[in-house]
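Please examine the structure shown below together with its sequence. This briefing describes how its parts pack against one another.

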Amino acid sequence: MSKKDISGLTIVVTGAGRGIGRATVELLAAEGATVALGDLDEALVRAVADSVGHGAVAARLDVTSAESWSEFLSAVSGVGPVDVLVNNAGIMPLGSVLKEPDAVAKAIIDVNVHGIINGTKAVAPGMVDRGHGHIVNVASAVGRIAVADGATYSASKFAAVGFSEATRAELKPLGVDVSVVLPTVVQTELAAGVPAARGVKPVTAQDVAAVIASAIRRPRAELWVPRWVQAMTRTTSLLPRPLQEAIAKAFKADSVLSDADQTARSAYEARVRPPAS
């Protein structure tokens with residue numbers, strides 16, 4: 001498969017004000033793409049666009065709202081038809097599912113699942129009309145390996161993986177590729193205080209951005225960050241469940257979220273959790 005040149009593409013990135021989104025914008029713009037940044041924090045995302053330059057534009061975007069998607073695309077329409085959509089926006093409040101407020105569960109599903117669905121429905125029709133396009137959905141390793149104290153988050157990422165696989169089958173015959181990216185623990189605010197599994201080095205937002213860029217150049221169905229974790233996961237999934245659980249325990253992969261430092265996470269959790277009713 002020939003590689004696609006990123007230079008000259010028009011690319012929308014959601015959750016572009018921070019973390020993986022910002023790193024992705026910076027990399028794609030540096031490679032010559034025209035990037036449209038969407039984020040709930042309008043002031044922040046406009047400042048990021050200004051700092052990136054290269055013709056980057058930004059507007060407020062609430063990915064949970066189809067109406068907001070329409071307004072966002074209208075606001076950035078000057079950059080032309082969208083060649084690539086990077087559905088990156090996501091939140092990760094942690095804690096026991098038995099103590100999780102209903103509003104928190106709803107927020108996780110709205111952002112992490114409906115955000116991707118809304119983005120696809122808003123952007124993919126134009127891609128289909130033009131006969132080409134690419135959607136890159138940023139999920140998580142917990143979209144394949146569920147972890148305690150992140151039940152709703154795990155569920156949302158399993159949904160993101162399933163939606164990506166289904167839409168890939170649906171849209172590929174129409175000229176639109178769909179990829180899903182599954183990072184392990186990333187050194188961003190979202191994962192503040194979350195330890196890496198034993199033997200797995202935490203990756204950076206720039207590492208994930210580089211994988212997203214590689215997916216755009218050569219579309220693939222599923223990409224992990226780091227890549228070797230995918231092979232290990234596939235291998236262990238063939239083992240009996242008790243052995244899988246023993247391996248997860250040995251690598252402390254089963255407790256990465258429950259072992260999170262809540263003090264280190266306090267600022268992030270306060271920002272993304274809905275106000276208590």
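The model is predicted. Its largest nonpolar core has 47 residues, and another core, of 36 residues, lies apart from it. Helix α1 packs against α2 and also against α6, while α4 packs against α5.

**Nonpolar cores**

- In soluble globular proteins, nonpolar side chains tend to be buried together.
- Within the largest core, the residues with the most contacts are Trp 69, Phe 72, Leu 85, Ile 91, Met 127, Ile 135 and Val 194.
- At least two residues of this core come from each of α3 (66-75), α4 (102-130), α5 (151-171), β6 (176-183) and α9 (262-272).
- Helix α4 supplies the largest share of this core, eight residues.
- Leaving aside residues up to four places away in sequence, Ile 91 touches Ala 107, Ile 108, Val 111, Asn 112, Tyr 153, Leu 190, Tyr 268 and Val 272.
- The separate core of 36 residues includes Ile 11, Ala 58, Val 186 and Ala 213.

**Helices α4 and α5**

- The axes of α4 and α5 come within 9 Å and cross at roughly 15°.
- Angles under 35 degrees count as roughly parallel, and α4 and α5 are therefore roughly parallel to each other.
- The crossing of α4 with α5 is right-handed.
- On the α4 side, the contact is formed by Ala 105, Ile 108, Ile 109, Asn 112, Val 113, Ile 116, Ile 117, Thr 120, Ala 124 and Val 128.
- On the α5 side, the partners are Thr 152, Tyr 153, Ser 156, Lys 157, Ala 159, Ala 160, Phe 163 and Leu 171.
- Of the residues in this contact, 13 are nonpolar, four are polar and one is charged.

**Helices α1 and α2**

- Helix α1 spans residues 19-30 and helix α2 spans residues 42-52; their axes come within 10 Å and cross at roughly 25°.
- These two helices, α1 and α2, are therefore roughly parallel to each other, and their crossing is right-handed.
- From α1, Arg 22, Val 25, Glu 26 and Ala 29 meet Val 48, Ser 51 and Val 52 of α2.
- The contact of α1 with α2 comprises four nonpolar residues, one polar residue and two charged residues.

**Helices α1 and α6**

- Helix α6 covers residues 205-217, and α1 packs with α6 at an angle of about 55°, with the axes 8 Å apart.
- At this angle α1 and α6 are therefore oblique to each other, and α1 passes α6 in a right-handed crossing.
- Gly 19, Ile 20, Ala 23, Thr 24, Leu 27 and Leu 28 are the α1 residues in this contact.
- They meet Ala 205, Gln 206, Val 208, Ala 209, Ala 210, Ile 212, Ala 213 and Ile 216 in α6.
- The residues of this contact divide into 11 nonpolar, three polar and no charged.

**Two individual residues**

- Thr 167 is located in helix α5.
- The cut-off for a buried residue is under 20% relative accessible area, so Thr 167, at 8% relative accessibility, counts as buried.
- Not counting residues up to four places away in sequence, Thr 167 touches Lys 172 and Val 178.
- Gly 131 is found in the loop between α4 and β5 (133-138) and is partly exposed, with a relative accessible area of 40%.
- Although Gly 131 and Leu 174 are 43 residues apart in sequence, they are 6.3 Å apart in space, C-alpha to C-alpha.
- Gly 131 touches both Leu 174 and Gly 175, when residues up to four places away in sequence are not counted.

How values were computed:
Residues numbered from 1 in each chain as written. Predicted model: local features only at pLDDT ≥ 70, side-chain atom pairs only at ≥ 80, totals over all residues. Heavy atoms only, no water. Core = buried A, V, L, I, M, F, W, Y, C linked by side-chain atoms within 4.5 Å. Buried < 20%, exposed > 50% of the residue type's maximum accessible area, 1.4 Å probe, protein only. Helix = DSSP H or I, 4+ residues; strand = E, 2+ residues; numbered from the N terminus. Contact = heavy atoms within 4.5 Å. Axes fitted to C-alpha atoms, helices over the stretch in contact; angles between N-to-C directions. Parallel < 35°, antiparallel > 145°, perpendicular 65-115°, else oblique. Left-handed = near helix turned anticlockwise from the far one by under 90°. Nonpolar A, V, L, I, M, F, W, Y, C, P; charged D, E, K, R; others polar.
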